[in-house]
Amino acid sequence: MAPANPRIIALFDVDGTLTIPRGEVTPDMMQFMKSLSEKITVGIVGGSDLPKQEEQLGEGIAKVFPYNFSQNGLVAYKNGELQEIQTISKYLGEDNIKKIVNWTLKYLADVDIPVKRGTFIEFRSGMMNISPIGRNCSRDERNDYEKVDLARGIRKNMVAAMKKEFADLNLTYSIGGQISFDVFPTGWDKTYCLKFLAEGDFDEVHFFGDKTFEGGNDYE
């Protein structure tokens, strides 16, 4: 059923907005989203891939609301139908991907933090997610790392070093969540999903996210 005012759309970030970082959506939040979708058009735009989005928001989430964008819209669904898939490996080429991976592992080897776990680089079809502690850390380790990162600027310093090292690749670096940051071609931030919203279909487009400060992955 169409919402009461389909020409207004609200797009929602996932981590830190609809859920706690890497957590599951609460029943109250999901009910709010479904109630809102009766009034206006609702969409989801997150940086993680669709399987992770389903872990947080529920299986089949791509078909729950009219618009679903994972990896900032590089995997795009409209009314449950796949619209497009774009990949960073095709865009940058494997030689450049290897340069980034090799440099990152060497850099992280020299970063001294209380705990290191596994999955320091997560390769997604539209971006690379880099985590100094490793994405395999526990919830408590994640919370502890965030405090260290805020005090020492670990991710901020690493981003500055990567901008200098890979200046020729025209990449964007976006710090999000508690433990990681994303690396992707410039223009592949959350504004990428707007290409799937026909200009004549909406009078208002609203976006809700938690990292809307400069350098955050909801800023653009």
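Helix axes here are lines fitted to C-alpha atoms over the stretch in contact, and the angles run from 0 to 180 degrees between N-to-C directions. Helices are DSSP runs of H or I with at least four residues, strands are runs of E with at least two, and both are numbered from the N terminus. What we are looking at is a predicted model, in which local features need pLDDT of at least 70 and side-chain atom pairs count only at pLDDT 80 or more, while totals for chains, interfaces and linings use all residues. Residues are numbered from 1 along each chain as its sequence is written, and side-chain values use heavy atoms, with hydrogens and water left out.

Let me start with the helix pairs. Helix α4, residues 94–109, packs against helix α6, residues 154–165, at an angle of about 140°, with the axes 12 Å apart. The two are therefore oblique to each other, given that angles under 35 degrees count as roughly parallel, over 145 as roughly antiparallel, 65 to 115 as roughly perpendicular and the rest as oblique. On the α4 side the contact (heavy atoms within 4.5 Å) is made by Ile100, Trp103, Thr104, Tyr107 and Leu108, and on the α6 side by Asn157, Met158, Ala161, Met162 and Glu165.

Helix α6 also meets α5, where the axes come within 6 Å and cross at roughly 60°, and that makes α5 oblique to α6. Here Tyr145, Val148, Asp149 and Arg152 of α5 meet Ile154, Arg155 and Asn157 of α6.

Setting aside residues up to four places away in sequence, glutamine 178 touches Pro21, Arg139, Arg142, Asn143, Tyr145, Glu146 and Arg155.

Serine 131, in the loop between β7 (128–130) and α5 (139–152), is buried as well, at 0% relative accessibility. Beyond its neighbours within four places in sequence, serine 131 is in contact with Leu108, Thr119, Phe120, Ile179 and Ser180.

Finally, the cysteines: cysteine 137 is buried at a relative accessible area of 9%, and cysteine 193 is buried at 1%. How many disulfides does the model contain? The count comes to zero, with a disulfide taken as a pair of cysteine sulfur atoms within 2.5 Å.

Note on methods:
Buried < 20%, exposed > 50% of the residue type's maximum accessible area, 1.4 Å probe, protein only.
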